[in-house]
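Have a look at it first, and then we'll go through some of its parts.

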Amino acid sequence: MNATLGTAGVVLGVTASVLGIVTLAVGLRQKRPQLLQTGWSYSLLVLLGAVVAVVAMQRALITRDFSVGFVHDNGSSRTPPLFNVATMWSALEGSILLWALILAGFTMHVARKFRQRLTDPLVGVALLTMFVVCLFFFLLMLGPANPFTTVSVPAGYDGPGPNPLLQEHILMAIHPPMLYLGYVGFTVPFAFAIAALATGRLGEGWLVETRRATLLAWGFLTIGILLGAWWSYEVLGWGGYWGWDPVENASLLPWLTGTAYLHSVMVQERRGMLRVWNLSLLCATFSLTILGTFLTRSGVLESVHAFSDSDIGAWLLSFFALIVAVTLGLIGWRGDRLRSPGRIDSPLSREGSFLVNNVLFAGFAFVVLLGTVFPLVAEAINDRAVTVGPPYFNRMTVPLGIGLLFIMAVAPVLPWRKASGELLSQRLLWPAWAAALAVAVTVALGARGLGTVLTFGLGAFAGGAAVRQVVLATRRQGWRGLVGRTNGGMIVHVGVVIVAVAIATNGHYLREVEARYEPGQTRVVGGHEITYLRTDVVEERNRTATKVSVQVDGGQVYRPALSQYAGFGSLIGTPSVKTGLREDIYLTVTRVPDEASDEATLRVIIQPMALWLWIGGGVMAFGTLLAAWPGRRRRPTDPVSALVPLDDAATPDPRPAAAPAPEPVGTR
Amino acid sequence: MVTPSSNDDDEVPDSSRVPRAADTDDNGGDEPAGGPRAALVTSAVIAVLVALLVAVLATRDPSTERAIQSPLLGRLAPATAGTTIDGEQVSIDDERGRWVVVNFFASWCTPCRTEHPELAAFDADHRAQGDAVLIGVTFDDKVEKAREFFAKRGGDWPVINDPENSIGVAYGVAQVPETFVIAPNGTVVQRFAGAVTQTKLDDLIARYEERTTDSRTRS
Amino acid sequence: MRLLGTPRFRRASWLVMASLVLVSLARATVDDGPPRTTEEQVQAIASTMKCPVCKSQSVADSDVAASRAIRLEIARLVEEGKSPDEVRSTIAAYGDGVQLIPPASGFAGLVWILPVVALVVALAALSAVFARWRRTPLIAATDEDRALVEQARGHR
């Protein structure tokens, strides 16, 4: 019953998407506004289909209906309730279902937000693009990633439950939805970019309309990535938060191009420039989410994310190829119309710094993508095994990161159009003092390593510039000086600086000691006393955990464990972390005592500033909310660039050979 | 030109600035040098690169199916010597001139248990013929457990006790069981990852012998 | 307090800051920590090798038997006095795929060269574009502009 209901929902989604695509296409081609109006209804139907499917899946999970294939493979009566709900996105098919739900929701949001303007071809093409993406994801669920297959259930069957690593902590239940909100959120500006290119109406209105959606999508993606890093740190137990794992890189790539886009779009709004960059960055962001999903789900690259292989890879790769072909084709075709009416006057200007910013981020994304796919290319061409690991990525991205910190300091104080050195000297004086003092003091206190100290200095520089901006704004506008795009953005920059400093400190000063401990033995590691007390075996609902009690500095007792989950063969290690403002003491047990010996092997890692990674992330999220804060009430939003009348039989060709009517730049 | 005095991007941009007509040609805006043709060329280049990438990605096998060839193949076998679980000294150098099958195992490993009777049969056969020798090496195992393993399941070929797994590292053992077949001249001929059967070992030896006799008769 | 706003103060500030930063950076780079203990050296080398069994973890981070055995071997070689590169080439039986740092020569060298090439191209393009903008005049009245003005004046 659940399977049928779910499949019905998926079929409804597919049908509504197809009908939406066909109707909108016909309406656009034949210029029939009443057909375009139906876009709203179809978006509702697609959402209904998604909701029905999700409800069916949740019902199956909660009632432990093992006749549904997905629940059979991933559900269990032993899973705690919250993790049971989250089981839906713990494996491939269910996570595609989650993606489809979020996508349907965004499609409906677009239809609702623009419901007064559904007859505008720009909105029509955008909605059509979203329906195409919806169709793809719903088709995946009818094809390679079907969550609603039916299986026959032997009597007394109990499923294995989701991967134990996903049951360790509640925040894991939130990580995939956050990531998907980010990925899917970028579909909205992408759809409008396609629409702008297709209709030839490349004015800036659509950018402004989708600005808040883009910002929030970016915010969710940032949170999703940070949650993934946090999970890697607190749950996986290898002692790090970022391993340049292909799946991690897959989520970072769209974030990099998305961040570049968020900044560069300001130049387009303000002066109508960098259009090609913005369209390329936006299309690259969306394409990279699909490519990233391919790399994650197809199994061509080894990863800690233990997804099972399926032939979804071929579908995702084809869709990726299609998107790239369409966007390159459109940009190539519209090349002449993309010329901006103005140009950058001086490299020493806000526009110039954003251009450099774009180049840095593009370079960053290039390096990460190259390193991730290079083993595959090398194998294809040379048939030799090449591994590109963290040392490569660190070596390549640290200089880029330092360059970005520098730009982050200088760009906010640069005025538009042109700046003089004198102006910069004036505005950057106090931030520069902060930087110089940071460098001098930290080196005097013992900081070493060029990259580390540069990060401290440039972090203070960028942080100083950001704080200066906020102080000036609050002096002018009171509390409103804290909200809005610029000021919220400055808070986000402060968060980034905190994260950068935490990464640099942690990377340079991390100390790890693995040793055997007899019961009651104390060792001193990094200035802390680590005492092994005893080992207990604890039977929990879904696992047998061998917990080792370790006392730190004669105070609190921490219990890292090695657990055997029912239904999973190998032992899973769980770390225990003493979190502190200055440093974390990270404990894992690698060998538990057994009949042969009562020694336990403990690994102790002193992780400086680890907590500040998450604090910085929180500041970034907070800053994003501030940046999305609605501004002062202004005049209502103007139509999305020049409206081309549909029902006028003598409509002039919207693609004239020479454009006689230049579009106003930056009109709201 | 008026420079906006404020840096606040939330302010309404100054729409009174007169835009340039879009068809003037001499100072092309911010698009790549050379105008629209450059955009087309860049798009084409990117298209080609992406097409190559897609081609590579489409033709990869899943990583789980990728077989890793041992770099030891065709080279002299690493030093394999030590004290057995029964306390004797053994070394593969003493066995030069005979086939040597080096089997890495552990008492807790299930496929090792599966392959044990096959190895026992292989050992019995070839011990009688005198042309091949089976030597076991412990990997991530305790010597008492290894003794128990053999006591329970039989078999009396020499088993080197390797508590630090240094012989395993020398052979590149990732996971037990792994079996290496070494020719009479001391070179490593084959690496088996996973449980082996007597047939596989015999076939390999037979094939290799055939090839060497062929080349000998030919020359 | 008026002194603080003058250009002379600012220039002096920048000079002082620059010297402070340069001296500190020099000290930070040259003085980069005492020679490492065996433990730290093993850690450093192990973090450049991939665990042969795990998915995407280094030998330093993983706890499986193969990784522990490799770490022991590294320790032995380090105590013999071998350099990190020598250690890595001695532990050869796991293949090249276990080296996390791609070699700088051969096909794999591309992964090092391509980013540098991209950087050079980017810098060259940026400077070419900036130079071109600086050369051409900021705003110039075109014939079309003049025609528009004539038209407007004529209409009056």
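Let's start with a hairpin: three residues link β3(A) to β4(A). Helices (H or I, at least four residues) and strands (E, at least two) are DSSP runs, numbered from the N terminus. Before going on, note that this is a predicted model, where local features need pLDDT of at least 70 and side-chain atom pairs count only at pLDDT 80 or more, while totals for chains, interfaces and linings use all residues. Residues are numbered from 1 along each chain as its sequence is written, and chains are lettered from A and ligands numbered from 1 in the order in which they are written.

**Strands around β4(A)**

Which strands pair with β4(A)? β3(A) does, and so do β6(A) and β5(A). Two strands pair if DSSP finds at least two bridges between them. The table sets out these pairings.

| Strand pair | Sense | Bridges | Residues that stand opposite |
|---|---|---|---|
| β3(A) (528–539) and β4(A) (543–552) | antiparallel | nine bridges | Glu539(A) and Thr544(A) |
| β4(A) and β6(A) (561–565) | antiparallel | five bridges | Thr544(A) and Gln564(A) |
| β4(A) and β5(A) (557–558) | antiparallel | two bridges | Gln551(A) and Val557(A) |

Thr544(A) turns up in two rows: it stands opposite Glu539(A) and opposite Gln564(A).

**Two helices of chain A**

Now for some helices. Two packed helices are described by the angle between their axes and the distance between the axes. Helix α1(A) (residues 2–29) and helix α3(A) (residues 39–62) have axes that come within 8 Å and cross at roughly 165°. That makes the two helices roughly antiparallel. Axes here are lines fitted to C-alpha atoms, for helices over the stretch in contact, with angles running from 0 to 180 degrees between N-to-C directions; under 35 degrees counts as roughly parallel, over 145 as roughly antiparallel, 65 to 115 as roughly perpendicular and the rest as oblique. In the contact of α1(A) with α3(A), there are 17 nonpolar residues, nine polar ones and one charged one. For that sorting, Ala, Val, Leu, Ile, Met, Phe, Trp, Tyr, Cys and Pro are nonpolar, Asp, Glu, Lys and Arg are charged, and the others, Gly among them, are polar.

**A loop residue**

Is Pro154(A) buried or exposed? Pro154(A) is exposed, because it has 7 other C-beta atoms within 10 Å. (Buried takes 20 or more other C-beta atoms within 10 Å, exposed 12 or fewer, and partly exposed lies in between; C-beta atoms are placed from the backbone.) Pro154(A) is in the loop between α7 (121–142) and α8 (175–185) of chain A. Its C-alpha atom is 9.5 Å from that of Phe66(A), which is 88 residues away along the chain.

**Chains B and C**

Chain B has five helices and seven strands, and 31% of its 219 residues count as buried. Chain C has six helices and zero strands, with 26% of its 156 residues buried.
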